[in-house]
Amino acid sequence: MGVTNDAPELLPGTLDLLILRTLQRGAMHGYGIAQHLRVTSDDVLQVGESSLYPALQRLLVNGWITGEWGLSDNNRRARYYSLTAAGRKRLAVERKGFDQMVLAIQRVLEA
Amino acid sequence: MTYLRRLVYWLRGRRAAADLQEELQFHRDMVERDLRLNGATRADATRVAHRTLGNTMLAREEARAIWVAPWIDAFWQDVRHGARSLARSPALVIVSALSLGLGIGLNTILFMGISTIYGHQPTMVEPERVVGVEPGYANQFSYPDYRDLRSSGIFMDAAGFRTGGLNLGASGRLTPVSLLVVTANYFDMLGIRAQIGRTFTAAETAAEREPRLIVVTAAFWRNWLRGDPAAIGESLVLGGEPFTVVGVLPDDYRAIFGWIGPQIYAPVSRLTLSALDERGTPSLSVLARLQPNATTSQAQAAVTGFTASLERMYPDRLTSKGRSVRVFPAQAMQFRGAEMGYSAARVLSSITGGLVLLIACVNVAGLLMARATERRREIAVRVAIGAGRARVVQSMLVESMLLVVTGGVIGLAMALAINWVPMPSEMGALRNVMTPDGRLVPYAIPFVLFTALVCGLLPALRATRKGVVDHVRQGGEGVTPRTRMRQALVIGQLAMSLFLVVATLLLVRSQIRISQIDVGFDLDHGIVARFGLDQRQYLNDARAQFAERLVERIAQVPGVSLASVANIVPLGGDSLLRSFHPAGRTDIPGTRPSTYSVGSDYFRTLGIRLLKGREFHSTDRMGAPAVAIVNETFARTYFPGQDVIGQRVQTADEPEADVIGVVRDHRIGTIGEAPQSVIYYAFAQRPRTLIVHARAASPDGLVASVQRAIDEIDATVPVNVQTLRSATSLEMNMRRLGTMLIGAMGSVGLFLAMIGLYGVMSYVAASRTAEVGIRMALGASRPRIRREMLLRALKVVTRGVVLGALASLAMTPLFRTFLAGISPFDPVAFAGAAILLALVGLAASYVPARRSSRLDPMRALRQL
């Protein structure tokens, strides 16, 4: 019953990392995050609601982001998420971990 | 922190879900908006919308899983579902809850009582280093031996104690109090401190100095010294001597001798221990503290050597009867002398309680199994759509847990209600100590869990086993070996119930007979005065004279025609047994005679017929030739065909006496007793416990006058005056209590058997619905179906009754003594029990039979 991912072969936990990094640039609502991921990755990373929102809830429960209701640009009510201080720390940690992982994989592939 | 947040989300439940819903809606709308902006067609938009919907639902599920641990969710769901389902079968709930409540409540109470008695920890410092010591020649040491043991160095220290009783009071009516006589170092060795004042110091309470100090328990201090802290230094008169109170023990102090503790502690001295200097008289139970590195076995070996050397030094008075020295943990001290009894009682009650619970569990399990069979379609469907066996088992377990918890609540309520149940006084003390309060809950929980598992697991597992889907499709099961086993179980239950019902009926009938029986003496015209003389009052000669004065004075009370003394009240619950052999004849087999001391005119006072010879006179006093009166059974047994008058008789402890009279037999111990041989000695020659009997035409109104007459002679002795009929009522009450208890057990047994039968019949009915449906479709009438089921039930009941009857015939002779005038094979009792059981059995099977017959054949067929 884990969190399923739409994106191809995403390492587990990477989605969290991506969301945190996205929110580092500023507060965003859920759709905005999904859009940003899709656009920035050239349509490779297409995250659906069934992965995105559970991930957001998880991050909320762990206290790495906070959510606040506000008005979107078309005057609809939407929930905007932003990083907390703990979230920033978490981002750094996850980033480091991810880099290490990628390096290790590369080494194996080129050995 | 995470958990806190989780908790908050769980509590905000709906709110959070609504929020998420709104968010997802927003997301979907944005997706749609973008699609339209990019010029997507209608079809595309709809397709995307549908895909999004699926994602939406999944999103909500996953989010929920993050908020609330899934198992809590599932659990709560099961609880709601189970509660709804149970609510639809109220009969099942009531019956199961009651029988489970019975089992759980009974076991909780028993467990509480047993742990109160066995968990009793006497107050002391480092209890694991303290042991009880018994010499080989007795349970107790004599005081000089104890002193030698103490100075022998085997133990770090040794203290002795002795239980006793003295009358308390300086003026007015005296009151008996329980006493523990202890050596000076008792409190020091055990590390016990007083809450007010102090305990004894070794110096001031050396036995030679005859110290007049006492330490009292907190309860005594509250009852008798008004709980006044300034009561230290007050003087109390015990056994006629003044003693000063020096200390009060703490409220949580627990005595060495179990939960019935003494009220006063006095130091050992000649005042409190008359055999102080006699080396040959065992008088003190001894506790000792082991040396720092010694073990119990080392100590035991050392004490064995010690006692052996004592025997060598003082050969003429110590006879070790081959028993060895015993050194044991101090906590076991309270059970000494009655170990077998305690263990037997504990084992017996645990087994009984366990059996009752087990029977109740089996019954409920049966009922649940029947229910599972009825719902097998529903279960099969759930399993088929992928609920997974574990999940279905879990939900059925939750349902049975609900039942069991309900039963547990009822059981706890029962256990609490025990406070209001009237009980004989000895048990009452235990009941007060077993304060049913919050502590009950921890006792009850293991029983509840165990019951839930037993009741719920088996039916759940059976109902969901592999292939249940196919099984259902094939139309269910008929009578399987499993059913046979349950039938056998029910037959066993019915047999047990029959035995209990027979026993009850026998006892009840004998109760009725008792009021018509001839006890051999006049119950309705007697007054009895029992005296509580303690060890220091009116000894020997003085007692005989005191008795004489009492008899003289009471005989003068208007309305009293005769008065005499004795050391018993027939049927008053206090008979004694002694060994005996007639002078020169030691080989008589069979019953051993009882011996009693009675005064002049005793038999006339009680209306017992004198067959030959004469009664005791005032001339039969101390110093005159020893005389005795015997009853007719004695004369028949030991001197058959001869004239017993003038013969000499002798018991193990008395000198020879001449027989001067023969009286008719009368009941002494219990009403149902077999005739026994009795020798009566003259009270003046052999004074014992003092009880005064008086004869009056209307005794009820004279109790007060007799009391006043006694007060004229000595107003201080504790005395209890009542009519003879009420003094003998204890025996009656014990009977009544016994009958009620057996009756209660019989009813419980019957109730459980009824449930068992109902369960089996329901199960059989449920598993044969298809068959019944076919038969009804083919034209069998409803009454016919019903009759068949009832007949089937009757077969089971008959087997149970026959088995029970055989068992009863074997067992009822065992309690012949309780059955006065009724044969243990009384046909009325047996017939009555059989009829009752048959009726109960039919009633229990009626509902399933009716249900079977009222099936709609079409629905039953559709289950095929």
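Two strands are said to pair if DSSP finds at least two bridges between them. Helices (H or I, at least four residues) and strands (E, at least two) are DSSP runs, numbered from the N terminus. The model shown is predicted: local features need pLDDT of at least 70, side-chain atom pairs count only at pLDDT 80 or more, and totals for chains, interfaces and linings use all residues. Residues are numbered from 1 along each chain as its sequence is written, chains are lettered from A and ligands numbered from 1 in the order in which they are written, and side-chain values use heavy atoms, with hydrogens and water left out.

**View 1. The open sheet of chain A has the strand order E1-E3-E2.** Three strands form this sheet, and their pairing is antiparallel. Strand E1 (28–29) and strand E2 (65–71) of chain A are the edge strands, each pairing on one side only. Two bridges join E1(A) to strand E3 (residues 77–83) of chain A in the antiparallel sense. Within E3(A), Tyr81(A) stands opposite Met28(A).

**View 2. Chain A as a whole follows the pattern α-β-α-α-β-β-α along its sequence.** The chain has four helices and three strands. Of its 111 residues, 41% are buried (under 20% relative accessible area, where exposed is over 50% and partly exposed lies in between, with a 1.4 Å probe and protein chains only). Contact means heavy atoms within 4.5 Å. Among contacts in chain A between residues at least 6 apart in sequence, 50% join residues at least 24 apart.

**View 3. Strands E6 and E7 of chain B form a hairpin with two residues between the strands.** Strand E6 (residues 235–238) and strand E7 (residues 241–248) of chain B pair in the antiparallel sense over four bridges. Pro242(B) in E7(B) is the bridge partner of Val237(B). Gly239(B), in the hairpin, takes a positive phi near 55°. In a regular strand the side chains alternate between the two faces of the sheet. Leu236(B) and Leu238(B) form the covered face of E6(B), whereas Ser235(B) and Val237(B) form the uncovered one.

**View 4. Helices H4 and H11 of chain B pack with their axes 6 Å apart.** Helix H4 (residues 90–118) and helix H11 (residues 389–417) of chain B meet at an angle of about 50° (axes are lines fitted to C-alpha atoms, for helices over the stretch in contact, and angles run from 0 to 180 degrees between N-to-C directions). H4(B) is therefore oblique to H11(B) (angles under 35 degrees count as roughly parallel, over 145 as roughly antiparallel, 65 to 115 as roughly perpendicular and the rest as oblique). Residues making the contact include Leu98(B), Gly101(B) and Gly105(B) of H4(B), and Val404(B), Gly407(B) and Gly411(B) of H11(B). The contact residues divide into twelve nonpolar, seven polar and no charged (Ala, Val, Leu, Ile, Met, Phe, Trp, Tyr, Cys and Pro count as nonpolar, Asp, Glu, Lys and Arg as charged, and the others, Gly among them, as polar).

**View 5. Helices H5 and H8 of chain B cross at roughly 130°.** The axes of helix H5 (residues 143–151) and helix H8 (residues 296–313) of chain B come within 11 Å. This angle makes H5(B) oblique to H8(B). Asp145(B), Asp148(B) and Leu149(B) of H5(B) meet Val303(B), Phe306(B) and Leu310(B) of H8(B). By class, this contact has four nonpolar, no polar and two charged residues.
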